[in-house]
Amino acid sequence: MLVELDSADDRLNKTLEVLRNSIVDPAFNMHSSGSEESNLVVRTRTLHDFVDDEGIENLKSRLRHSIDQVQESHDTLLMSLSAFDTDLTALKTSLSNVPDPNTQNNSNLGEPIHPYLQALEEHAAAMAQLLESLTQHYDRCSEALKHSEAANTHNQETGMTDSMPPEEKADLYAVLERDAKEVDDVVAEIKERLGEMELISSYVGKHVEDLHMLSGNAHRAFFLFEEFQGNLGTYIERTREFELQQDGYARAMEERLDELWQLGEFYEGFMGAYDAMVIEVGRRKGVAARMDAILRDTMKKLQGLYEDDLAEREAFKEEQGDHLPMDIWAGVMDPPVRHSVVRDTGGGGELPGISKEAIQRALERQQAKEGM
């Protein structure tokens, strides 16, 4: 559409330029007023003097307004598309921050955490039992120590030997000795289980942290998606509005384009019509010349007939005049009727005095145009 507008505008401008350079023949500038001085007053004019510049400028102004409307509509659509791309990019970025648990790099996110929690519970239960056994060993050691200290004190005060039977005392020390050998193993096992619990706890903590991060990213993604979904209606409405506007603008532009082409054709026709008018002046002058020739010839013949008739009447008067009474025919002695030609312009003026050369140039331009 814009290419066609440029083409039509260029055509009209070239036509107007030709009109500016086309001088109206001075013969058309003469104002016949019966005064010789008045006929000498000549103002140089060009064909462009007859152009409706205001109408052309009005049409071009409306065209520029239509083009501005189209550009504004395009700018509005581009802004809407830019906002749409921004929303889409933000949503895509947000979704990229939500890892897929099924991929190899993020397979731990999809791994169930319950087995690890169960392992922690098992380790805790086992450590509780181990601590219980240490507590029991400590209690037995404390009891044995109390018995030993009490016996020594009693013996010192009474000078008597320990009242605990030897076999019972031997069993107690045997248990203490056996438990003492297992303390290191129990403590080592507690440390081992504690280390494993710390590893599991670290893993579980990291896993929970990742899940929290995943949850936060997912919530943000859902929020952006809801926002995008809400904005999508606006983008679609703006696109529909753009399409409707473009239809209206296209019809208006087509109308302006037709007017521009018609103006170009009209003023091209004006140039041709001017040449045709010059040729028409030549044709009319030819007809007038032929009429004048016929008139001169006719007047000459009429004068000859008049003179012949006058001579015959004089001869008749000489021969018969004395014998005819005057009241027999009142017009017997009348002279011949004279004929004259009166020019009836019918309101028309004199034909412009265009030279044969100007008419010939107009004929050549017309023939060249017809031959194109």
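The model is predicted: local features need pLDDT of at least 70 and side-chain atom pairs pLDDT 80 or more, while totals for chains, interfaces and linings use all residues. Residues are numbered from 1 along each chain as its sequence is written, and side-chain values use heavy atoms, without hydrogens or water.

**Nonpolar patch**
- Phe316, Leu324, Ile328 and Trp329 make up a nonpolar surface patch with about 410 Å² of accessible area together (Shrake-Rupley method, 1.4 Å probe, only the protein chains shown counting as cover).
- Leu324 belongs to the loop between α5 (166-320) and α6 (356-370), helices being DSSP runs (H or I) of at least four residues, numbered from the N terminus.

**Aromatic pairs**
- The whole structure contains five aromatic pairs, defined by ring centres within 6.5 Å (Phe, Tyr and the six-membered ring of Trp) and classed by plane angle as stacked under 30 degrees, edge-to-face over 60 and tilted for the rest.
- Phe50 and Phe270 are edge-to-face, because their planes meet at 65°, with the centres 6.3 Å apart.
- This pair connects distant parts of the chain, 220 residues apart: Phe50 in the loop between α2 (36-39) and α3 (53-96), and Phe270 in helix α5.
- Phe84, Phe228 and Tyr235 form one aromatic cluster.

**Helix α3**
- Buried residues of α3 include Ile56, Leu59, Lys60 and Leu63, where buried means under 20% relative accessible area, exposed over 50% and partly exposed in between (1.4 Å probe, protein chains only).

Technical notes. Patch = residues over 30% accessible without salt bridge, like charges linked within 9 Å, V, L, I, M, F, W, Y side chains within 5 Å. Salt bridge = Lys/Arg side-chain N within 4 Å of Asp/Glu carboxyl O. Helix = DSSP H or I, 4+ residues; strand = E, 2+ residues; numbered from the N terminus.
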